[in-house]
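Let's take a look around this protein, first along one of its helices and then into its pockets.

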Amino acid sequence: MQIPVPCGMQAAMRPKGTAVELERRRRRAMRLLESGHSLATVARMVGAAFSAVWRWREAVRRHGPAALVPKPVPGRPPEIDGERLPRLLARGARAHGYSTDLWTTKRVATVITWEFGVHYHPAHVSRLLAACGWSCQKPERRAVERDEAAIAHWKRYRWTAVKKKPGA
């Protein structure tokens, strides 16, 4: 059974920052502890939970300063070049054989498979695009045959004649 997390609380989320920045924060916390600050004070100063500072202190006591070195990130390493993908997409969908220049997540996933040999589910492509600085957008649906002048004329003359008047 999963217990819901109240709003405003973060459950098991990695803190923001690179591995080097996070290690720097842990080492700063240890220096502050050595200088006589309490666990609670150090936690506030470095922006970490009390329990995290306590775990860091215990790790250093057991394994020395090497315990603060970041661990390798588990899982399969990314195989997509974060610089090459935006360049490929910037060329447009037509350059990749599509009839329109509209990029969909399914199309992007297909191009990723062609170019990098890595399969991405279309639902996960939006995260990858966000990491590259792109955003998912839906195009406006308008008929190709749409006549703006005729619509403006109808709104001005015909619509005012058929519109129900207030109080009538």
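Helix 7 bends by about 40 degrees, with the kink centred on Lys 155 (the bend at a residue is the angle between axes fitted to the seven residues ending there and the seven starting there). This is a predicted model, where local features need pLDDT of at least 70, side-chain atom pairs count only at pLDDT 80 or more, and totals for chains, interfaces and linings use all residues. Residues are numbered from 1 along each chain as its sequence is written, and side-chain values use heavy atoms, with hydrogens and water left out.

Helix 7 covers residues 148–162 (helices are DSSP runs of H or I, at least four residues, numbered from the N terminus). At its start, a side-chain oxygen of Asp 147 comes to within 3.3 Å of the backbone nitrogen of Ala 149.

Now the pockets. A pocket is an open set of points on a 1 Å grid over the protein atoms alone, where a 1.4 Å probe fits, with protein on both sides within 12 Å along at least five of seven lines; lining residues have an atom within 4 Å of a point. Volume is the space filled by probe spheres set on the points, which are joined across faces, edges and corners.

| Pocket | Volume |
|---|---|
| Largest pocket | about 670 Å³ |
| Second largest pocket | about 260 Å³ |

The largest pocket has 22 lining residues, with Pro 15, Leu 22, Arg 26, Arg 55 and Trp 56 nearest its centre. Helix 3 contributes the most to that lining, five residues. In the second largest pocket, the lining includes Trp 103, Trp 134 and Lys 138.

How values were computed:
Helix = DSSP H or I, 4+ residues; strand = E, 2+ residues; numbered from the N terminus. Expected span 1.5 Å × (residues − 1). Polar contact = N/O pair within 3.5 Å; in protein donor to acceptor, adjacent residues only side chain to side chain.
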